[in-house]
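Okay, thanks for coming, everyone. Let me put something on the screen and then talk you through it.

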Amino acid sequence: MSGYRYRKPKKLVAEINVVPYIDVMLVLLVIFMVTAPILTQGVKVELPEAVSAPLDVNEDDLPLIVAVKKTGEYFLELGVDKEQPISPAELSLKVGKITRQNPTVQVLVRGDKSVDYGSVVQLMSVLQQAGARNIGLLSQPPEK
Amino acid sequence: MEFKKYSKTLFFGATLAILAGCGGNAATQDQEEGAAGTDTEVQPVITSDGSSSDSAITGEQMGQDVENLEEKAEEVVAAMPEIETIYFDFDTSSIRADSREVLDMHVAYLRVNSDAKVVLEGHADERGTREYNMALGLRRANAVKSYFQVQGVNSDQLEVVSYGEEKAAVMGHNNAAWSKNRRVEIQY
Amino acid sequence: MCVRNWLKAAAFSLLCFVQQAVADLTIEITQGNDRATPVAVVPFAWLGQSGLSEDIARIVSDDLERSGLIRPLSRTEMLSLPSQKSEIFFRDWSLLKQDYLLVGQIRPSASPGVLTIQYELYDVVRQTRVLGEVISGKPSELRSRAHYISDQVFEHLTGIKGAFSTRLAYITVKKDAASQSKYELKVSDADGRRERTILTTYKPILSPAWSPDAQHLAYVSFETGRPGIFLQNVYTGKRRQLTAFRGLNGAPAWSPDGKKLAVVLSKDGNPEIYEVDLTSYKVKRLTQHYAIETEPEWSPDGKHILFTSSRSGGPQIYQLNLISGETERLTFEGSYNARARYSPDGTEIYFVHRSNGIFHIAAQELANNRLRILTQTPLDESPSVSPNGSMLIYATQEGSRGYLGAVSVNGQIRYSLPSQLADVREPAWSPFLTN
C-alpha cells in the first residue's frame, strides 16, 4: 500500500527495448553468412598423424578410396578398373556420380609415402570439385 | 519514443511481408490466382429445396398468362418466334421471370400451329460433373416442357433431350460464357 | 541509422534466398520422394542381332518412378551396367546408396520370333537375389512384359500389388477440318501408351465404365441423336445398345459380379437410379425422389450404391443400402459434392468437391467422415481409382484444353499423363487384368 503512495506519476516502461539487440544480431548474421563460404574455400586436409585412431569401417558407410602412386597416377578403387590408372577428368566424373547420390561419403586418399605433395593437393582439389565434402588421408601406424 | 515504437512495428511488418512473399511456392500462387479469379464471380444462392423448380409457376399466374395469350395469339398467329434460347442460373432449373415473354411467344405459336413439333434441348455450363449436368439439362428442358403444357400446349408436340455440358454455345471459362451455356434451346 | 537500415535490408534479402531454397526442397518432399526406395534399374542386355523395339528397363524405371514410392537411379549416374550377377560390384552400388538393383538380359529363344527375358532383383546390402524369373514374349509384347516386371518388383518392394499392367479408358474431343467436334473413346496402357481408338463419332460420348473382368466398357453415346447406353468388348470391338429409353440414359456402373448395371434413366419423368439385369434385361427402380438422382457407383461388396442427389438443394453424396433400402447422406462439407467412387477396400470415397468456387477432387474416410482435398487445379472432375487403391486419375484443364492428372490417395504424389493434341476427359482406370 505504501509503495503505491510513493509511485511516481510518470509511467515506467517495464519492457526491454529489443530493437538494438535485433540490430546487432542481424549484423552478426550477415557477417557470418558472408564469411562462412570464404572459410571453406581452402583445401581441407586432415593431416595423418603418426599414431592415429583406426577409422571406423561401417558397413552402411563405405569409404571411397583413391590411391596415388609414386608416379603421380591416380587409381579409383571401384568395380573392375581398380588396377587401371584414371585421368583426373574421369575421376571427377565418377566421384561426382557417387557424391550426387551419397553426399556424405567419406573419400580416403591413400598416397604413397614418396608421392609429391603437388599431386596430392591436385587430387584433393579434383575431389572437392566433384562434390566430396569429407576427405581424409590414410596413414599407416609407425612400425615398432 | 513514439518514433521507436513506430519503427518497431514497421520493422516487424516488413519482416513478415518479405518472408511471406518469399516463402510461397508456385503451387500456392496458382491457387491464389485461381481463387482471386473466382472471387469476382457472383453465384446465385440456391435457397429453395429444389422442389420448386418444376412447379415454380403457380396456378393463378398461369390463368392470367393464358388469358393474356388469348389476346396476343390473335396478333402473332403464324409468326415463328425469333428467340429460341432461354437462360438459367447456376445449378437450378427454375425458369427466370425474364424468360416468360419468350416462352409465351412460343406457346402462342404452338397453340395456333398444333402440328408444329418442338425439341427442347437442355444444357448446362462446364462446371460440375458431366452426368449431374446431364440431369440438370434434362430438368431445365422439363421445366420448359411443364410450362408449355400448363399453358395448353399439347404434350405430343414436345420432346425433351439433354446434352448436359457437352454442347457449349460459347467457348470460354468465365462467367460470361457460362451464363450463355446454361440454357434451353427450343428447336422446331 | 541509414547504414543499419541498409544492412537490415541486405539481411532480409539473404534470409529470403535461404527461405526460397528451403521452399523448393519442401515441394519435393510433398511429392513423396524423400522416403522413396532407391533402386537402380540397369539397362537390360540384348544378346541378339538387330535392335530391339522397346527399352524394357526404361519402361520399368518410368513405371516405378511414377508410383512415387520408388526412386530409380538415372542411367547416366551409374558407374557400370551389369546384366548378371557376375558383373555386379555390390560395393559400387552401396557407394551410390542404392538399396536394390534390377538387372536383366534379353535373348532370342529357340523358337523363332520369341524372346527370352530374364530379370533379377538384388538386395545391395545383403548382396543376395530377392526376385528373379525367366519369361518369354514376342517383340510386340515387350511393353506388356516390362509392365509385368514392374508389377513384380513393385509388389516385392512395397507390398502393394502393382497396377502397371492395367488399362485406361478415356474420351478425346478434337475439332476436325470442318470444325466439327469428333468424339473418340480410347483405351491405353496405364502409362498412357499404346493408345487404341475403339469408337469414333461426331456426337458426344461420356461415362465409360469398365466391367469387373476388364473386358467390356459400358458408356453413353449420343450417336442416335438421343443418349443410349452401349456395351462394347474392348478386344473384339463387338458392341450393342443396352438402353434407349425416353429422356436420360446415363452414368452406367457395373455391379461387382458384372451381372447388373446401375444406370440413370428419366423414363418416369425425373432422373432416377435404376438397376438393369444384364441377363434378364429387367429394369428395377432404386431411388424415388423429386430431386436429381444420378452418378451411381456400386460398393466393392455389392451391398451399397453411392449416388449424387440434389435433394438437399445442391448435389451431395448419398449411400443407399440395397438390403435395408435405407439412404444415408455422406457429405456435409461444401455445397457441391458429386460423382463419388469407392476405394477398392470400400473404406473411402473420392468425389468432386467445390470449395471457394473451384472444383477439386476430395477424399473422405467413411469411418470418420473426414474430408481431405487432393488436387490443386480448378475444374477437376471424374476421379477414378487404380485397382490397387494407391492412385487416382482425374480430368482437369489447362487453358481450354483438358488433360488427365494422377494423384496418390494421400495427395503426396502427382503426375500428369501425356495428352496429345486433343481434349482428354472422363478417364476410367480398369480393374486388374485377368490373364
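This is a predicted model: local features need pLDDT of at least 70, side-chain atom pairs count only at pLDDT 80 or more; totals for chains, interfaces and linings use all residues.

Let's start with chain A against chain C. Who brings what to the contact? Chain A puts in 21 residues and chain C puts in 19 residues. For the computational folks, the size of an interface is often given as the accessible area lost when the parts come together. Here the area buried between chain A and chain C comes to about 2,000 Å², with 66% of that from carbon and sulfur atoms.

Now the charged side of things. How many salt bridges are there between chain A and chain C? The count is one. In it, the side chain of Arg100(A) meets that of Glu77(C), at 2.7 Å, N to O. On the chain A side, α2 (19-39) and α3 (88-101) each supply at least two of the residues touching chain C. By class, that side of chain A splits into 11 nonpolar, three polar and seven charged residues. And as for polar contacts, the rule picks up five residue pairs across the interface of chain A and chain C, both partners at pLDDT 80 or more.

Okay, on to the inside of chain C. Domain 1 of chain C gives 10 residues to the contact, and domain 2 of chain C gives eight residues.

How much do these two domains bury between them? About 740 Å², and 48% of it is on carbon and sulfur atoms. Which residues of domain 1 lose the most area to domain 2 of chain C? Those are Arg66(C), Arg143(C) and His147(C), together making up 66% of what the domain 1 side buries.

Arg143(C) comes up again, by the way: its side chain meets that of Asp191(C) in a salt bridge, 3.1 Å from N to O.

In domain 1 of chain C, the elements giving two or more residues to the side that touches domain 2 are α2 (56-67) and α4 (142-158). The largest share, four residues, comes from α4(C). Sorted by class, that side of domain 1 has two nonpolar, five polar and three charged residues.

That's my bit, so over to you for questions.

Technical notes. Residues are numbered from 1 along each chain as its sequence is written. Chains are lettered from A and ligands numbered from 1 in the order in which they are written. Side-chain values use heavy atoms; hydrogens and water are left out. Contact means heavy atoms within 4.5 Å. Buried area is the accessible area (1.4 Å probe) that two parts lose on being put together, summed over both. A salt bridge is a side-chain nitrogen of Lys or Arg within 4 Å of a carboxyl oxygen of Asp or Glu. A polar contact is a pair of N or O atoms within 3.5 Å; within protein, one must be able to donate a hydrogen and the other to accept it, and residues adjacent in sequence count only if both atoms are side-chain atoms. Ala, Val, Leu, Ile, Met, Phe, Trp, Tyr, Cys and Pro count as nonpolar, Asp, Glu, Lys and Arg as charged, and the others, Gly among them, as polar.
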